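I opened a new notebook page for this structure. I start with the terms, then look at one residue, then at the whole chain.

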Amino acid sequence: MARSIWSGYITFGLVSVPVGLYSATEEHELDFHQFQRGTSDRIRYKRVNERTGREVPYDKIVKGHDLGNGKYVVVEPSELDDIAPGKSRSLEIDTFVDLDEIDPIHFQKTYYLGPKDGDNASSYGLLRDALAKTNRAGIAKFVMRGKEYLAAIRAQDKVLVLETMYFADEIRDPVAELDDLPAKSRAGKQLTMAADLVEAMSGEWKPSAYKDTYTERVQKLVETKRKGKEVVYNEEEPEATTPTDLVSALRASVEAARKARTSKKSTTKKTAAKKTAARKKAS
């Protein structure tokens, strides 16, 4: 059984449900240490006093906010703990919103919420099923590891899921960040063909169909170098399609996508027919 990284209570109305927070995801990543090139000497980081050059133990370190001109406001860890909101360790749902109304850009990281004890499992299940039935998410705030988070609590099959979210003022305005964003497309024929290509390439969302091929290549690289060999990958970068070639590229892409879809459907039908015949033969 995994250990919860946070525990507290979901509260909505006069209902309070004890829960634990658990990591829902893990990233594919091969761990590397740092070495000085040409040696087996490890590179390590230390917390060093820039004036004395001496290493400083963690319990002797405080935080300071830069005011400019070499001036700082020093804050003790205990002072940050004292002003932290949510010291009751509660996930107090402020409102329930339609899940489809939340722009995915607000979602930050996904966690599972599990019932903290068997005596209150029915309350947990009731909230989960009510959210699933109404397609709603409970919006709440909570504090974890010295930081306040905005969160959306939603139902997913048998579990409650908590999505930490960015606050509105943490999301950058694309117009302010990016130069020369194109105006709304007015090219009728090109837009129609682009939409046709989107439709031709559309399909069901199947997460298991996508693999982390980069990590696999890194693992292969490490294993091959361990054997004293060399791995060479030759992949050409795509070139931008010029405006003069856009229509022909769209037309060819639509035709290829439609052929691929027709071929896939034919293969699926043949496979299904074989399975049906096999079942009939077995029975």
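I call a residue buried under 20% relative accessible area, exposed over 50%, and partly exposed in between, using a 1.4 Å probe and protein chains only. The model is predicted, so I take local features only at pLDDT of at least 70 and side-chain atom pairs only at pLDDT 80 or more, while totals for chains, interfaces and linings use all residues. Numbering runs from 1 along each chain as its sequence is written, and side-chain values use heavy atoms, without hydrogens and water.

I looked up Glu-163. Is Glu-163 buried or exposed? Glu-163 is buried, at a relative accessible area of 6%. I found Glu-163 in strand S9, residues 159-165. Strands are DSSP runs of E, at least two residues, and helices are runs of H or I, at least four, both numbered from the N terminus.

Next I checked contacts, meaning heavy atoms within 4.5 Å. Beyond neighbours within four places in sequence, Glu-163 touches Phe-107, Lys-109, Thr-110, Leu-150, Ala-151, Ala-152 and Arg-154.

Which side chains make polar contacts with that of Glu-163? I noted Thr-110 at 2.7 Å and Arg-154 at 2.8 Å. A polar contact is a pair of N or O atoms within 3.5 Å; within protein, one must be able to donate a hydrogen and the other to accept it, and residues adjacent in sequence count only if both atoms are side-chain atoms.

Then I turned to the chain. I list six helices and nine strands. Buried residues are 19% of the 283. The C-alpha atoms fill a box of roughly 70 × 60 × 55 Å along the principal axes.
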